[in-house]
Amino acid sequence: ICMMYPYVKYSDETEVVFSNIYIENDIECIDVHFERPTENGFDSVRIQLPTYKVTVWEGNYSQEEIEFFKQVVENSADLFYKYAKPIVSDDKQELGI
């Protein structure tokens, strides 16, 4: 189960949340998700740490906004890793680890 944790909400109603730490190709990753409501749903962007790759981009965020979001993720990467919790496999949960 992937939990999302709140980080910040901007004046344009963009809310930023981040995921648990998960392993992908033997690398600890975190997804940072930016989302704001619109008349027709949501604008959303997801950036993956540690690559800073945009993995989801839907709606009307501009390229300038995307670059700002990448800077936010880069400047806050240490905090995301500090406060994100690792995903524990079911086997470890059963063992009480």
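These legends describe close-up views of a predicted model. Residues are numbered from 1 along each chain as its sequence is written, and side-chain values use heavy atoms, without hydrogens or water. Local features need pLDDT of at least 70, side-chain atom pairs count only at pLDDT 80 or more, and totals for chains, interfaces and linings use all residues.

**View 1. Confidence along the chain.** Mean pLDDT (the predictor's confidence in each residue, from 0 to 100) is 89 for the chain, and 89% of residues reach 70 or more. Helices (H or I, at least four residues) and strands (E, at least two) are DSSP runs, numbered from the N terminus.

**View 2. R36 and its salt-bridge partners.** A salt bridge puts a side-chain nitrogen of Lys or Arg within 4 Å of a carboxyl oxygen of Asp or Glu. R36 pairs with D12 at 3.0 Å, N to O. R36 lies in strand β4 (residues 27-38) and D12 in the loop between β1 and β2, so the pair ties together parts 24 residues apart in sequence. R36 also bridges E65, with the closest N and O atoms 2.9 Å apart. E65 sits in helix α1 (residues 63-83), 29 residues from R36. D12, R36, D43 and E65 are linked in a network of salt bridges.

**View 3. A pair within helix α1.** E67 and K70 form a salt bridge, their closest N and O atoms 3.9 Å apart. They are 3 residues apart in helix α1, so about one helical turn separates them.
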